[in-house]
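Reader: I would like to learn how to read the features of a model such as this one. Please give the general idea for each, then the case at hand.

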Amino acid sequence: GNHTLLTEFILSGLSSRPELQHLLFFTICFVYSMTLIGNLLICVVTVHPTLHTPMYFFLRVLSFLDISTASVVVPKMLVNLLSEDRSISYLGCVTQLYCVVFLAATEWYLLAAMAYDRYVAVCHPLRYAAIMNPRACLSSVLLSCCSGKVVSVVQTAWVFTLPLCGPRRINYFFCDIPPLVVLSCTDTSLYERQLISATVLVIFTPFCLILLSYACIVSSILKISSAESRHKTFSTCSSHLTVVTLYCASGTLIYLQPKSSNSQDAKKFFALIYTAVIPTLNPLIYSLRNKEVKEVLIRVM
């Protein structure tokens with residue numbers, strides 16, 4: 001048939017109600033500012049000599065990924081909240097989708113590496129320094145980045161090889177897979193099955209590895225005779241488990257039904273949680289529950 005060549009898209013944004021635009025702008029601007037401040041502080045604090053351990057190295061990388069994820073999505077969203085021109089170029093949309101998927105997939109694999117780090121620290125404390133040496137930590141981060149890059153290239157290529165024949169309005173506040181699939185004028189059932197498989201691969205495979213690590217950790221914690229030691233060990237691990245739960249819940253609710261237009265508003269909400277709110281919570285979750293980080297933060301301040 002006659003397909004319209006799309007050179008740009010129009011982002012509908014978070015809400016179509018004009019009276020909410022300024023409120024949303026100031027709220028999200030505040031949240032984004034807290035994201036930058038909190039994660040930058042984590043990056044600065046974890047460089048301190050007393051925090052040169054694998055856990056804080058991974059936490060520093062996680063904070064960098066959180067800053068990147070929020071910065072890929074939020075600034076454009078803030079501009080659109082105050083502007084009548086909500087267009088984004090075709091190339092800009094491709095780039096944004098690639099970055100979002102790359103950062104999300106990389107973060108998931110990094111969370112799995114962090115769970116393995118906690119497993120070694122609790123279950124094999126005497127061999128911890130030998131197993132989680134600097135080379136192993138750096139290799140884990142590079143492997144996470146490479147895995148994220150592969151997932152991102154494949155998903156971005158598949159989405160933009162679909163015939164997107166209009167309308168060019170994306171019912172979302174950034175270029176993501178579910179709203180772009182809705183624009184396709186061909187049968188996308190095969191692609192949707194592939195996306196579900198990719199979601200299982202990217203989210204549930206690391207999640208299962210994380211659960212396995214924590215099953216071993218809980219088993220080891222229960223063998224500790226001191227109640228105070230048990231509480232301290234579990235407190236160290238619970239911060240990471242909280243972050244994993246938030247990521248898993250929001251990620252699965254967004255990507256398991258890619259072409260369900262009825263749930264598009266709900267997906268906007270979960271996408272906002274994933275891209276703006278969780279990056280703000282990570283520094284609070286890790287720092288407020290960590291005595292060492294708080295002590296160094298006070299010293300640095």
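Author: Helices (H or I, at least four residues) and strands (E, at least two) are DSSP runs, numbered from the N terminus. The model is predicted, so local features need pLDDT of at least 70 and side-chain atom pairs count only at pLDDT 80 or more, while totals for chains, interfaces and linings use all residues. Residues are numbered from 1 along each chain as its sequence is written, and side-chain values use heavy atoms, with hydrogens and water left out.

Reader: Where does UniProt place the feature "transmembrane region"?

Author: UniProt positions are given in the numbering used here, feature names are shortened, and annotations may be inferred rather than shown by experiment. The unreviewed UniProt entry puts the feature at residues 23-45, 57-75, 95-116, 137-160, 196-222, 234-257 and 269-288. In the model, residues 95-116 are 100% helix and 0% strand, with end C-alpha atoms 32 Å apart. Residues 137-160 are also 100% helix and 0% strand, and their end C-alpha atoms lie 35 Å apart.

Reader: Which residues of H1 are buried?

Author: Buried means under 20% relative accessible area, exposed over 50%, and partly exposed in between (1.4 Å probe, protein chains only). An α-helix has 3.6 residues a turn, so residues three or four places apart point the same way. The buried residues of H1 include Phe25, Ile28, Tyr32, Thr35, Gly38, Asn39 and Ile42.

Reader: How many residues does the largest nonpolar core have?

Author: A nonpolar core is a set of buried Ala, Val, Leu, Ile, Met, Phe, Trp, Tyr and Cys residues joined through side-chain atoms within 4.5 Å. The largest one here has 83 residues, and among those with the most contacts inside it are Phe9, Trp108 and Leu180. Helix H3 (residues 90-123) supplies the largest share of this core, 17 residues.

Reader: What is Phe9 in contact with, leaving aside its neighbours within four places in sequence?

Author: Contact means heavy atoms within 4.5 Å. The partners of Phe9 include Ser87, Cys93, Phe160, Ile170 and Leu180. Ser87 is in strand E2 (residues 87-89) and is buried at 16% relative accessibility. Beyond four places in sequence, Ser87 touches Glu8, Phe9, Ile10 and Lys76. Its side chain also makes a polar contact with the side chain of Asp85, at 2.8 Å. A polar contact is a pair of N or O atoms within 3.5 Å; within protein, one must be able to donate a hydrogen and the other to accept it, and residues adjacent in sequence count only if both atoms are side-chain atoms.

Reader: How many disulfides does a search of the whole structure find?

Author: A disulfide is a pair of cysteine sulfur atoms within 2.5 Å. The search finds one: Cys93 and Cys175, with sulfur atoms 2.0 Å apart. Cys93 lies in helix H3 and Cys175 in the loop between strand E3 (169-170) and helix H6 (177-182), so the pair ties together parts that are 82 residues apart in sequence. The link is left-handed, with -120° about the S-S bond.

Reader: Is Cys93 buried or exposed?

Author: Cys93 is buried, with a relative accessible area of 0%. Cys175 is likewise buried at 0% relative accessibility. Cys145 is in no disulfide, and the nearest cysteine sulfur, that of Cys146, is 6.9 Å away. Cys145 is partly exposed at 27%.
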